[in-house]
Amino acid sequence: MLEHYPDGAVVVELRDRKALDAEGESMGHCVGSHARAVAEKRARVYSYRDEQNVPWATWEIGRHGRLIDLEGPRNTAIGIWYLATPLENPEAWRRSRVARERVLAFLLRTEGPAWTNLVRHPGLP
């Protein structure tokens, strides 16, 4: 666990194929296909999870500290998964926004150079 929040949410690093495949299955995206890059230390992959260990965001940092990928559930931009339906599910909408804020803050603290390409990254609304 790399980061722990007061409400029980965490940021974890996904270090092996099993963890990457589980994340991809849970999130509905292809992060499992990044296992070779992780094994060869060409990339690091992280997951933001709520207090029930449910992932809300996955991101990959390349060898030179560049943000390569940043996805919410089903390859959506983080923080907008429930943006269209805040009245239908206000708690999920709130959690999605909190995940976005925390991931961006984590990246700023830990991956200074990654911020340089966040502004235009399609994973952000």
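Predicted model: local features only at pLDDT ≥ 70, side-chain atom pairs only at ≥ 80, totals over all residues.
## Overall make-up

Let's begin with the parts list. The protein contains 3 helices and 5 strands, and along the sequence they come in the pattern β-β-α-α-β-β-β-α. There are 125 residues, and 49% of them count as buried.

Contacts across the sequence are well represented too: among contacts with a separation of 6 or more, 52% join residues 24 or more positions apart. The accessible surface amounts to about 7000 Å², and carbon and sulfur atoms make up 54% of that area.

## The sheet

The 5 strands form an open sheet, ordered S1-S2-S3-S4-S5, with antiparallel pairing. The edges are taken by strand S1 (3-4) and strand S5 (67-71); each has a single partner strand, so one side of each lacks a neighbour in the sheet.

## Strand by strand

On one pairing of S3 you will find strand S2 (residues 10-14), joined to S3 in the antiparallel sense over 5 bridges. To locate this pairing, look for Val10, whose bridge partner in S3 is Arg49.

S3 also pairs with strand S4 (residues 55-62), again in the antiparallel sense, over 7 bridges. Here Tyr46 has Trp59 of S4 as its bridge partner. The hairpin of S3 and S4 has 5 residues between the strands, and in this hairpin Asn53 takes a positive phi near 70°.

From S4 the sheet carries on to S5: these two strands pair in the antiparallel sense over 4 bridges.

Which strands does helix H1 touch? Helix H1 (residues 17-27) packs on the sheet with contacts to S2, S3, S4 and S5, and its direction makes about 135° with that of S4.

Helix H3 (residues 90-110) packs on the sheet as well, touching S1, S2, S3, S4 and S5. The direction of H3 makes about 20° with that of S4.

Conventions:
Residues numbered from 1 in each chain as written. Heavy atoms only, no water. Buried < 20%, exposed > 50% of the residue type's maximum accessible area, 1.4 Å probe, protein only. Contact = heavy atoms within 4.5 Å. Areas by Shrake-Rupley, 256 points an atom, 1.4 Å probe, with all protein chains shown as cover. Pairing = 2+ DSSP bridges. Axes fitted to C-alpha atoms, helices over the stretch in contact; angles between N-to-C directions.
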